[in-house]
Protein chains: 4
Amino acid sequence: MTSSPKLPHPATLTTSVPAPDIVRCAYLDLVVTDLKKSRDFYVGLLGLHVTYEDDEAIYLRSFEEFIHHNLVLRKGPIAAAAAFAFRVRTPEDVDKAEAYFKELGCRTERRKEGFVRGIGDAVRVEDPLGFPYEFFYEVEHVERLHMRYDLYSAGELVRLDHFNQVTPDVPRGRAYLEGLGFRVSEDIKDSEGTTYAAWLHRKETVHDTALTGGDGPRLHHIAFSTHEKHNIIQICDKMGALRMSDRIERGPGRHGVSNAFYLYILDPDGHRVEIYTQDYYTGDPDNPTITWDVHDNQRRDWWGNPVVPSWYTEASLVLDLDGNPQEVIKREDKSEMAVTIGADGFSYTRAGDDSGSYHGEASKGFKLGSQV
Amino acid sequence: MTSSPKLPHPATLTTSVPAPDIVRCAYLDLVVTDLKKSRDFYVGLLGLHVTYEDDEAIYLRSFEEFIHHNLVLRKGPIAAAAAFAFRVRTPEDVDKAEAYFKELGCRTERRKEGFVRGIGDAVRVEDPLGFPYEFFYEVEHVERLHMRYDLYSAGELVRLDHFNQVTPDVPRGRAYLEGLGFRVSEDIKDSEGTTYAAWLHRKETVHDTALTGGDGPRLHHIAFSTHEKHNIIQICDKMGALRMSDRIERGPGRHGVSNAFYLYILDPDGHRVEIYTQDYYTGDPDNPTITWDVHDNQRRDWWGNPVVPSWYTEASLVLDLDGNPQEVIKREDKSEMAVTIGADGFSYTRAGDDSGSYHGEASKGFKLGSQV
Amino acid sequence: MTSSPKLPHPATLTTSVPAPDIVRCAYLDLVVTDLKKSRDFYVGLLGLHVTYEDDEAIYLRSFEEFIHHNLVLRKGPIAAAAAFAFRVRTPEDVDKAEAYFKELGCRTERRKEGFVRGIGDAVRVEDPLGFPYEFFYEVEHVERLHMRYDLYSAGELVRLDHFNQVTPDVPRGRAYLEGLGFRVSEDIKDSEGTTYAAWLHRKETVHDTALTGGDGPRLHHIAFSTHEKHNIIQICDKMGALRMSDRIERGPGRHGVSNAFYLYILDPDGHRVEIYTQDYYTGDPDNPTITWDVHDNQRRDWWGNPVVPSWYTEASLVLDLDGNPQEVIKREDKSEMAVTIGADGFSYTRAGDDSGSYHGEASKGFKLGSQV
Amino acid sequence: MTSSPKLPHPATLTTSVPAPDIVRCAYLDLVVTDLKKSRDFYVGLLGLHVTYEDDEAIYLRSFEEFIHHNLVLRKGPIAAAAAFAFRVRTPEDVDKAEAYFKELGCRTERRKEGFVRGIGDAVRVEDPLGFPYEFFYEVEHVERLHMRYDLYSAGELVRLDHFNQVTPDVPRGRAYLEGLGFRVSEDIKDSEGTTYAAWLHRKETVHDTALTGGDGPRLHHIAFSTHEKHNIIQICDKMGALRMSDRIERGPGRHGVSNAFYLYILDPDGHRVEIYTQDYYTGDPDNPTITWDVHDNQRRDWWGNPVVPSWYTEASLVLDLDGNPQEVIKREDKSEMAVTIGADGFSYTRAGDDSGSYHGEASKGFKLGSQV
């Protein structure tokens, strides 16, 4: 699936024109191979609300949303992400976005009538990391269901929270997104200067998107939030009742990074969905950035529960503007999985405390070393 | 630690005299090697309430308890369980207990003044499985703190829920406990007739004690209950904050057996403590017994999360009435760990569905097969 | 609705024959005037599960129940309770119940085939307080839904918890129920010896039924329990969304008596339903009885929120064995409402503290003083 | 306490200079008459974290805060609010704020060293409504406790959410705050054009401050948020345990306006504190404004529970820049309390449905009719 880089992406990440004022991540345009199965998952299991559907696509929104949709499921031959869409503050910010990416040397496509139902004037770009980003302001308002407790399920998803993208070169991606106006809330590094992941936000939460180091461009996951932790537990319980526990990939748990309570599950195509709740406010201009040591065993799970390897290695393809999968470029930097687990890696529970750390096979810790 | 059996235990498990009327599991008498460290764990971390303490022992109770204690931490040279104590319905039931175990051929010791502070007339026995059981009626009443919300911590333990004992021969142990008046709520078996574990109750919950197949007699764990699931999550979060995540052994999760939400943590001596909430009512005389297939991957964790090997293999010694560790007898029956994980075992998510099952190394499932 | 007593009830409350061994409150047989509207309430709003239904009756059970039903909604001309049904431990206990009430001089009716669908051999009685009690052992087992999280609603009712009955003479009622084997967990009295209410249990919770002083015999309410407090809040939220907030009579709140979190709502006929969670274990033989002072303003609501007058005055008729409403006998003892609110009553937040108490119109306290 | 207006405030509410870019409400400077009693309330009961304290003042912050404080308790002769402080985006925004209010004709005071500990360059103003507002950028960063679960109490307050101010002329106040860059998320009106209250935000929640129609300028309340609803219930339970239930003024409940779960309690001086959780995201530029009918009985409490009169009538004085109480101006518009409860008011549960509405004494509804 990976290849050597052919360097299609521009070298520069800054422009002379201003970046658009991005409000938030707004929706994901997702290609699925079996619309019926995906509907069972996103509507039947997860309870997202259908704004519109036909034989080709289903438009879904979360409980508290007032714009047309947060997720488009589109039938297609290859499971992939077709667009990561962000809302901008004004109609003029769509113009700014187009100009910005043009100056970056990126391919862009502007459609006054929008690319999907419910959205008006929008621009889609192949960004410097190879991801299909969309920027729009115009959108159809629909009923905000936030007080429709007659429709409230025990595992209700109330907001779209963020995207997570896999990219080989996290510092480069971070520089690009900071240029675009995102701010870093947290990151994972090691003492030798490698960055393994970064979390970036526009709205006042920990992230609107995150960069996970790995072979990319690929979609790592889309995340929806719930009101409380028990809502996430209910989703697990329901998946158990439906004998779908093998689609629970990781969690539930408490993240170190973001401090949120989380769960990762897999849709019928293997697209990863995070269910997420209770991160913190990041809206102040000098919100402190938190850097985690990659060897801190609580960074990814505050309780030290292991990250399954698939979580590091598996992700969804993304499409270019022609609808073809982007080539996946291999990560050259060190792998977080490799440096933290297995023969070449180590993690510690307490910095400087040998009793909780281990080095490859020599580990004594029941938790890190002795899982099947 | 294990040896070949010297068969100290009686062959018969039934008597001509009536069994005592047992009300519930009431307290555990637990030997710890460092009283200060254990206090930090049970009082500092878990917030159990001190009824009495001196240099030799600490008497602890849960939030809703009105008897003197649910747990005695006693300083000693070897970490072990000194007694599993059950309350009986009347003073005369202590006499009945003594007569019952004498007829079983078990060693008994009666103390009118009680074995520990706060408890009166009691009998201790070395039971047919080699466990030190105590039966008492007389007990000092103390303030029930159940409305002392000024003392209520975010991870408050509100009741003692159950014990869990490791024994090599589960059917024999079950027959003995049924003779003593316990009723089986759930068990784990395979299609060839092996029983791997059984849950038995006197009070109207899923269990007062459970038998886990393995080398024994050993204490598998003691379990306290919380009001809600978030209380358990808080205990995990607090252990993370205290950089004690390596003392979280397993969970949190939803049990298949018992349907309870659970967490297993380890005290400074390695004694295992379960935090547990929301099983179901079992008080009807014909409460249905639920039998789980040992190969059902949701039996131990409804979400299919793996059981760490230590959970199967590690347990605490128990003491005889002289205070010496009971010899540990090796289990001869099949091991639940062996038949479910690794090269010799298999588990499935959906019975009869190959896609979710695996056989040793050939497994494809990310969840069961590919953890580190 | 009330009348002067015609004294149909026996003077003696004790017998020479043994009382039946009652396990728990099991179901309520409830007459409703519009089956469709009642279905909307109990199934549509509250999510109880239908075991069976036809044009005449609907049989409902809670999430964790394994017997045929906890509630029968039966179409009839007058909204009333037709039977308070208790499960007994053995088939022979039905015989004992019949003999017991016969010796009390009560009218009884035995039906080997049962009075309602799903129940076998049973006896119904007009008890010394005028209530229709049923005792049965035989019952059809149905699927226990306790792990069917695919059916779990955000406000799921998981168990039948208790009944509450209005009777004029609480001490007499209490003596009768204690004779029948119930034990008192809590009561409300004043310093002059009047008893206003008592809570009595067989299963190991605070009550299977309670006696509320007032004009009776009448059904005060039936109570179902939820797993957690948020489930109750969701029921309120849903009633708000359905513009049914005027059917929320009282709460949510924390009871003083029982320590449970509660809500009272009204069905289409005005039958009162309590939603209830998290009282405490009462199974020990010497479980301490808690007596509350009627003037303690936290006895009915731990947060001091007012009890609405309707909660004291309104209740449902009960039927005799011919299906006719029992005559309602006026309470002669002091009224809890009268002695605690209004011109003749007083309540305090802190015993002996004048600042929080008030006497009729002279009150200064915003909270107590602005109650009706 | 009220007087006829002396019109000290400027007639114009707009300026030729730009408004400062306000980030969020940041802290309240509150005068209390007994520092020890206030400490017991805010630290002992509510668990706010002390950043600094001496004999004159206590600086408190919430669990997730990284700036020096969210609340200053300052010892003084008259209980009152000394400043409502807002953080601005840049140091230059403090200059802008000063210029803005000067052009409005308001009294201002600039202090480069700040008015309170932990805050640098700031300007305080007597705003057009008579409130003391402060604007600052410079602030000392302190440890963000957001993962210090070892300090996490069962009723933990995690953020400062908003202020609420009482002012006689809501439309005038709204125009002023909109000029200052606030946006209205919700309001309460009647069909004749009277505005009773408005909610305005800068950060992406329902409000940073709200205007409640009444005699003012006065502080209605300060609000802190919790993670989940059970945290709020715990605060009630704890106040019950401490026999402080008479300091619970209103709630807990679900707001109609804001959709948040809420509780109002009173500190030792009668300053009102709201505990609040789970409103919704308002960060989009076209976030829909919700207008509630003043006669909708679910607007203030979604469950229709009554608003106690004190909640409408009582509030705290505010100070001018000399530290003297601002004169309280009487509201001339209709009173929300008068038009909704009592002889002159009416409310409905369902618009257009007579069965749920009432007109003064003629009401039949148990719920609406038995309010004061």
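Trainee: How many residues from chain C and how many from chain A does the contact take?

Mentor: This is a predicted model, in which local features need pLDDT of at least 70, side-chain atom pairs count only at pLDDT 80 or more, and totals for chains, interfaces and linings use all residues. Residues are numbered from 1 along each chain as its sequence is written, chains are lettered from A and ligands numbered from 1 in the order in which they are written, and side-chain values use heavy atoms, with hydrogens and water left out. Contact means heavy atoms within 4.5 Å. On that rule the numbers are 14 residues from chain C and 14 residues from chain A.

Trainee: Which residues of chain C lose the most area to chain A?

Mentor: Buried area is the accessible area (1.4 Å probe) that two parts lose on being put together, summed over both. Between chain C and chain A this is about 1,000 Å², with 64% given by carbon and sulfur atoms. Together 41% of what the chain C side buries comes from C:Tyr149, C:Asp150 and C:His230.

Trainee: How many salt bridges are counted between chain C and chain A?

Mentor: A salt bridge is a side-chain nitrogen of Lys or Arg within 4 Å of a carboxyl oxygen of Asp or Glu. A polar contact is a pair of N or O atoms within 3.5 Å; within protein, one must be able to donate a hydrogen and the other to accept it, and residues adjacent in sequence count only if both atoms are side-chain atoms. Between chain C and chain A there are 3 residue pairs in polar contact, both at pLDDT 80 or more. The salt bridge count there is 0.

Trainee: Where is A:His230 found, and which residues is A:His230 in contact with, leaving aside its neighbours within four places in sequence?

Mentor: Helices (H or I, at least four residues) and strands (E, at least two) are DSSP runs, numbered from the N terminus, and A:His230 belongs to helix H4 (residues 229-241) of chain A. Its side chain makes a polar contact of 2.8 Å with that of A:Glu228. With neighbours within four places in sequence set aside, the contacts of A:His230 are B:Lys229, C:Glu228 and C:His230.

Trainee: Why does A:His230 count as buried?

Mentor: Buried means under 20% relative accessible area, exposed over 50%, partly exposed in between (1.4 Å probe, protein chains only). A:His230 counts as buried because its relative accessible area is 12%.

Trainee: How many residues of chain D are in contact with how many of chain A?

Mentor: Chain D and chain A bury about 3,400 Å² between them, 49% of it on carbon and sulfur atoms. In chain D, the residues that lose the most area to chain A are D:Met147, D:Glu228 and D:Tyr281, together 17% of what that side buries. The contact involves 37 residues of chain D and 37 residues of chain A.

Trainee: How many salt bridges does the rule find across the interface of chain D and chain A?

Mentor: Side chains of opposite charge can pair when their charged atoms come close. A:Asp286 and D:Arg87 form a salt bridge, with their closest N and O atoms 2.6 Å apart. Polar contacts between chain D and chain A come to 25 residue pairs, both at pLDDT 80 or more. For salt bridges across this interface, the number is 8.

Trainee: How many residues apart are A:Asp21 and A:Arg202?

Mentor: A:Asp21 forms a salt bridge with A:Arg202, with the closest N and O atoms 2.7 Å apart. A:Asp21 lies in the loop between strand S1 (2-3) and strand S2 (22-32) of chain A, and A:Arg202 in the loop between strand S12 (195-201) and strand S13 (209-213) of chain A. The pair links distant parts of the chain, and the separation is 181 residues.

Trainee: Are B:Asp284 and C:Arg24 buried or exposed?

Mentor: The side chains of B:Asp284 and C:Arg24 meet in a salt bridge of 2.8 Å, N to O. B:Asp284 lies in the loop between strand S17 (272-277) and strand S18 (290-293) of chain B and C:Arg24 in strand S2 (residues 22-32) of chain C, so the pair joins two chains. Both B:Asp284 and C:Arg24 are buried.

Trainee: How many disulfides does a search of the whole structure find?

Mentor: A disulfide is a pair of cysteine sulfur atoms within 2.5 Å. For C:Cys236, the nearest cysteine sulfur is that of D:Cys236, 13 Å away. C:Cys236 counts as buried, at 0% relative accessibility. Over all chains, the number of disulfides is 0.
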